[in-house]
Amino acid sequence: MSDQKHTFAAPVKAPDCWDWIRPEDVVRHALAAFYWACNNVKAPKGERFLGADGRPYADRETFADCMTHFFDLRIKAEAHSIGIGDYAPEAKMLERCTQSRVV
């Protein structure tokens, strides 16, 4: 992500809405969100994935929620870093989410 703020002209055609991000950046964010979610649904170190009651620590819905949430945060943080939108809260949340987690 760039920390350089840009001044963008008002969009006059549809492609102007996405001129700030390349498809390969979107793929990079999607992959990062996927791997983050993979790590996030693992039980914490020392705990079993399946509890004594047979219930899992996480499920597919948890994974989907984690992945889409993290993707959302990454895209908004990138937009914020170049001056698009009022996404400071999301950028701060992303920072908190990416602090190391012991798994």
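The structure is a predicted model, in which local features need pLDDT of at least 70 and side-chain atom pairs count only at pLDDT 80 or more, while totals for chains, interfaces and linings use all residues. Residues are numbered from 1 along each chain as its sequence is written, and side-chain values use heavy atoms, with hydrogens and water left out.

V27 sits in helix 1, residues 23-40 (helices are DSSP runs of H or I, at least four residues, numbered from the N terminus). V27 is partly exposed at 47% relative accessible area (buried is under 20%, exposed over 50%, partly exposed in between; 1.4 Å probe, protein chains only).

Turning to charged pairs, the model holds 6 salt bridges (a side-chain nitrogen of Lys or Arg within 4 Å of a carboxyl oxygen of Asp or Glu). In one of them, D16 pairs with K13 at 3.1 Å between the closest N and O atoms; D16 is buried at 19%, whereas K13 is partly exposed at 49%.

A network of salt bridges links R22, E24, D25, R28 and E78. Here R28 meets E78 at 3.5 Å, N to O. R28 belongs to helix 1 and E78 to helix 2 (residues 60-81), so this pair ties together parts 50 residues apart in sequence. R28 is partly exposed at 37%, while E78 is buried at 7%.

How values were computed:
Helices (H or I, at least four residues) and strands (E, at least two) are DSSP runs, numbered from the N terminus.
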